[in-house]
Amino acid sequence: MDKFIIEGGKRLEGRVRISGSKNAALPVLVSSLLADGWSTYRNIPDLADIRTIKRLLANHGAQMEGQGETLRINGGNISNCEAPYDLVRTMRASVLVLGPLVARTGKARVSLPGGCAIGARPINLHLKALEAMGAEIDLREGYVEAKAKRLKGARIYFDISTVGGTENILMAAALAKGTTRLENAAKEPEVVNLADTLEAMGAKIKGAGTDVITIEGVEGLRPCEVSVIPDRIEAGTFLIAAAVTGGDVVLEGCDTNHLDALILKLRETGITVEPVDGGLRVRGAPEIRSADVKTLPYPGFPTDLQAQIMALLAVARGSSVVTETIFENRFMHVAELRRLGADIVVDGHNAVVKGVKRLKGAPVMATDLRASASLVVAGLVAEGKTTLSRVYHIDRGYQTIEKKLTALGASIKRVRA
Ligand code: EPZ
């Protein structure tokens, strides 16, 4: 298992290009199952999770070819409706094939994802919505088995705003008979990217990006040519990394609108963030001020940046309260940040962060994707050497993060095990 060795204390400076969004690319690539013929997808990041979704699509019979950031997929010839445990276990987003498989073939057998490092993460709302659309759902031997002659449009209210649930049902509803109305739908930019893709395939969708989405089902969809949006979480991670090192960095190719909650929070801590020609410039402050942070569905502060901002608040002046409202167990990074000298106490959904003057390098371990990003951020500002093990977590969602950081002046090396 690879490790990162980080020598902290280097100021980040320069320009960095933000890659395509992992969490947008996954559903967009899955939507290839909905149409016969070759679709073209641009700005696809080169990540472990993307390789997993490609394996899953190939398992269903999809053909693909591609170079660099452009991928062509013909997902229309579905030869196998089962998403096996081994793939779903590696990546929960695999459950996104459920809606498209039922819509397209009338049946699907998809392994139930288990809990994961950040919470129980059930898929009950995906299943309830498919049932409302007329699917028969059985849970057998750890698998969800879904059947429907043709899904029917329905009115669906999501008890919790769910990104994956909204995406799954958007894809199912695109080919259902009649109109589906999703209430309390997720408003995340990744959902909008998927809705735009489906529209490019001929789907009839209104309201994506709001909490009510209406989908008028069509008889068939056609291949499309689309681009995936920039990764707002990768961008946010670089903003925080630059800020914590007192750096001066321009992010190229990110979408500033998607980062509003983070930008406003960083300004509250004294960091300067401003749009410049071709990107977004972030400049550190002589002293970082504390700030309270509460994660919420979009446009609120993203849970996927909670761990990283905590690393910044760990060296701020004063105390901050970080409240996690999306996942029940997303504080696994706290124990590791404490190994670096952070003063953080967790009480239920709240973490009280008392800023310290400096963090000190130590061996730490990544427990999930964003926790590892937070440990990289902390390692960049800690005095001395931080060794981060289980880097495979970070490889799931950050394209060559060590190379991008090195180009900005950080001292970070990958040690191959
Ligand atoms: C997506 O996960 C992202 N993953 C996550 O990013 C992100 O943290 C999350 O949305 C929230 O923004 C992808 O897009 C691939 P949810 P998802 O359904 O869709 C509960 C990362 O680090 N819930 O919006 O799985 C659920 O347990 C990852 O890149 C139910 O109770 O999240 C959670 O508490 C991690 N029943 C809340 O809703 C359901 O049926 C929101 O989850 C579905 C969800």
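Predicted model: local features only at pLDDT ≥ 70, side-chain atom pairs only at ≥ 80, totals over all residues.
A helix axis is here a line fitted to C-alpha atoms over the stretch in contact, and the angle between two axes, taken between their N-to-C directions, runs from 0 to 180 degrees.

Helix α10 (residues 306–313) and helix α12 (residues 369–381) have axes that come within 7 Å and cross at roughly 20 degrees. Because angles under 35 degrees count as roughly parallel, α10 and α12 are roughly parallel to each other. Their crossing is right-handed. On the α10 side the contact is formed by Ala307, Gln308 and Ala311, and on the α12 side by Arg370, Ala371, Ala373, Ser374, Val377 and Ala378. By class, these residues of the contact between α10 and α12 comprise six nonpolar, two polar and one charged.

Helix α10 also packs against helix α8 (residues 232–244), at an angle of about 5 degrees and with the axes 10 Å apart. Helices α8 and α10 are therefore roughly parallel to each other. From α8, the residues Ile233, Thr237, Ile240, Ala243 and Val244 meet Gln308, Ile309, Ala311 and Leu312 of α10. The contact of α8 with α10 has seven nonpolar residues, two polar residues and no charged residues.

The crossing of α4 past α6 is right-handed. Leu98, Gly99, Pro100 and Ala103 of α4 make the contact with Asn168, Met171 and Ala172 of α6. This contact of α4 with α6 consists of five nonpolar and two polar residues, with no charged residue.

The ligand has 22 residues around it, of which Asn124, Thr162, Gly164, Asp304 and Ile326 come nearest. For asparagine 124, an N or O atom of the side chain lies 2.7 Å from a nitrogen atom of the ligand. For glycine 164, a polar backbone atom is 2.7 Å from an oxygen atom of the ligand. In the case of arginine 330, an N or O atom of the side chain is 3.2 Å from an oxygen atom of the ligand.

Two features of the backbone were examined in loops. Most residues other than glycine have a negative phi, and most peptide bonds are trans. The peptide bond from tyrosine 298 to proline 299, however, is cis, with omega near 10 degrees. Proline 299 is placed in the loop between β18 (293–294) and α10. Arginine 390 has a positive phi, near 60 degrees, although this residue is not glycine. The loop that holds arginine 390 runs between β23 (385–389) and α13 (392–395).

Finally, aspartate 248 illustrates a contact between separate parts of the chain. Aspartate 248 belongs to strand β15 (residues 248–252). Glycine 14 is 234 residues from aspartate 248 along the chain, yet the C-alpha atoms of these two residues are separated by 6.8 Å. Leaving aside residues up to four places away in sequence, aspartate 248 touches Arg11, Leu12, Glu13, Gly14, Arg281, Val282 and Arg283.

Technical notes. Residues numbered from 1 in each chain as written. Heavy atoms only, no water. Left-handed = near helix turned anticlockwise from the far one by under 90°. Helix = DSSP H or I, 4+ residues; strand = E, 2+ residues; numbered from the N terminus. Contact = heavy atoms within 4.5 Å. Nonpolar A, V, L, I, M, F, W, Y, C, P; charged D, E, K, R; others polar. Near = heavy atom within 4 Å. Polar contact = N/O pair within 3.5 Å; in protein donor to acceptor, adjacent residues only side chain to side chain. Parallel < 35°, antiparallel > 145°, perpendicular 65-115°, else oblique.
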